[in-house]
Amino acid sequence: YPAMWIAWLVLAKGLPLARSLRRATPHLVVSAVLFIGMILHPGYRTLLAEAAASGRLAVTPVGEVEQRLGMGFCFNDNKPREDSCTARRVESIAGLTRFLVAPWTISIDPGRRAAHAVDWLVATLVVLAVWAALRWWPGAGAAGAAWFVTALLPTSIVLVRSDPVSDRLLYLPMVGIALVVAAIASRMSTKAVRPLALVCVCAILVGLALLTWQRNVTYQSELALWQDAVQKNPNNPRARVNLGYAYELRGELDRAESEYHAALGLRPSLRWAEQGLQRVSHKREGGSP
């Protein structure tokens with residue numbers, strides 16, 4: 001947060017960096033205290049140790065090159081990392097951009113997918129757009145772009161999560177996007193364009209409201225939530241397991257068994273799926289839940 005606040009003061013308010021740092025001193029002090037608390041907390045120490053060791057978990061030639069270049073920091077649940085951290089960054093940026101462009105594709109567990117050529121293109125375009133905003137668009141536009149990048153630093157750029165795509169990763173970056181949209185709207189506030197812009201804004205707000213209502217309906221039922229996740233990404237074994245468990249809780253053992261088998265077909269020897277099949281078999285034999 002201090003970095004985002006300083007970017008706003010420098011780029012949007014036009015304050016000198018030294019003065020911005022002085023104004024952000026309370027935020028920086030609080031952040032330092034919180035970081036010391038993380039160092040002292042055993043749970044956070046473990047997490048930070050995993051982050052520090054993540055670059056040494058690469059088992060591929062590409063991963064070893066990334067490690068030497070200082071780009072191999074991505075979480076992998078303390079397991080050997082068989083993919084590229086750079087590709088995972090592309091997967092994260094492209095996946096989050098996809099959520100922004102097509103919010104109806106959002107699910108509780110989008111799962112993993114290999115970065116394709118389109119994803120690399122999308123990530124490149126996002127980088128170019130941010131660079132252009134910082135280079136040629138002073139004021140709120142540049143501040144919004146800086147806010148967007150800074151908010152993604154700890155989850156998608158510097159350190160990368162083991163699950164790089166999740167809608168909650170957009171909560172803070174959306175503030176930066178809102179600043180950019182507001183900057184665009186302010187430049188379009190001429191008498192000729194204003195009516196059309198108002199109609200477009202209203203249409204977008206109505207569409208987003210309908211999508212929000214739809215997601216709220218989906219979240220009212222665990223079964224509907226995981227059916228939605230499997231429908232949007234049928235190749236996600238974790239979503240299959242959770243859908244099977246939702247069926248299991250409802251007593252629909254045949255459907256639960258089918259989902260557990262589907263998960264094992266996607267990822268053999270998946271422990272959660274094997275345990276689910278054992279529970280289903282036990283319940284069919286008259287055992288207690």
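What follows is a short exchange on the cysteines and a charged surface patch of a predicted model.

Colleague: How many disulfides does the structure hold?

Modeller: A disulfide needs two cysteine sulfur atoms within 2.5 Å. Cys74 and Cys85 meet that, with their sulfur atoms 1.9 Å apart. The count for the structure is one.

Colleague: Which parts does the pair of Cys74 and Cys85 tie together?

Modeller: Cys85 lies in helix H6 (85-101). Cys74 lies in the loop between helix H5 (61-68) and helix H6, so the pair joins parts eleven residues apart in sequence. The parts are that loop and helix H6.

Colleague: Is the link of Cys74 and Cys85 left-handed or right-handed?

Modeller: The angle about the S-S bond is -80°. Both cysteines are buried. The link is left-handed.

Colleague: Why is Cys202 not bonded to Cys200?

Modeller: Cys200 is in no disulfide. For Cys202, the closest cysteine sulfur is that of Cys200, too far for a bond. The cut-off is 2.5 Å. The sulfur atoms of Cys202 and Cys200 are 9.4 Å apart.

Colleague: Is Cys200 buried or partly exposed?

Modeller: Buried means under 20% relative accessible area, and exposed means over 50%. Cys200 has 37% relative accessibility. Cys202 has 41%. Cys200 is therefore partly exposed.

Colleague: Which helix holds Arg23, of the patch of positive charge?

Modeller: The patch on the surface gathers Lys13, Arg19, Arg22 and Arg23. Patch residues need over 30% relative accessible area. Arg23 is partly exposed, at 44%. Its helix, residues 17-23, is H2.

Methods:
Residues are numbered from 1 along each chain as its sequence is written. This is a predicted model: local features need pLDDT of at least 70, side-chain atom pairs count only at pLDDT 80 or more; totals for chains, interfaces and linings use all residues. Side-chain values use heavy atoms; hydrogens and water are left out. Patches are made of residues with over 30% relative accessible area and no salt bridge: like charges are joined within 9 Å, nonpolar side chains (Val, Leu, Ile, Met, Phe, Trp, Tyr) within 5 Å. Accessible areas come from the Shrake-Rupley method with a 1.4 Å probe; for residues, only the protein chains shown count as cover. A salt bridge is a side-chain nitrogen of Lys or Arg within 4 Å of a carboxyl oxygen of Asp or Glu. Lys and Arg count as positive and Asp and Glu as negative; His and the chain ends are not counted. The place of a charge is taken as NZ of Lys, CZ of Arg, CG of Asp or CD of Glu. Helices (H or I, at least four residues) and strands (E, at least two) are DSSP runs, numbered from the N terminus. Buried means under 20% relative accessible area, exposed over 50%, partly exposed in between (1.4 Å probe, protein chains only).
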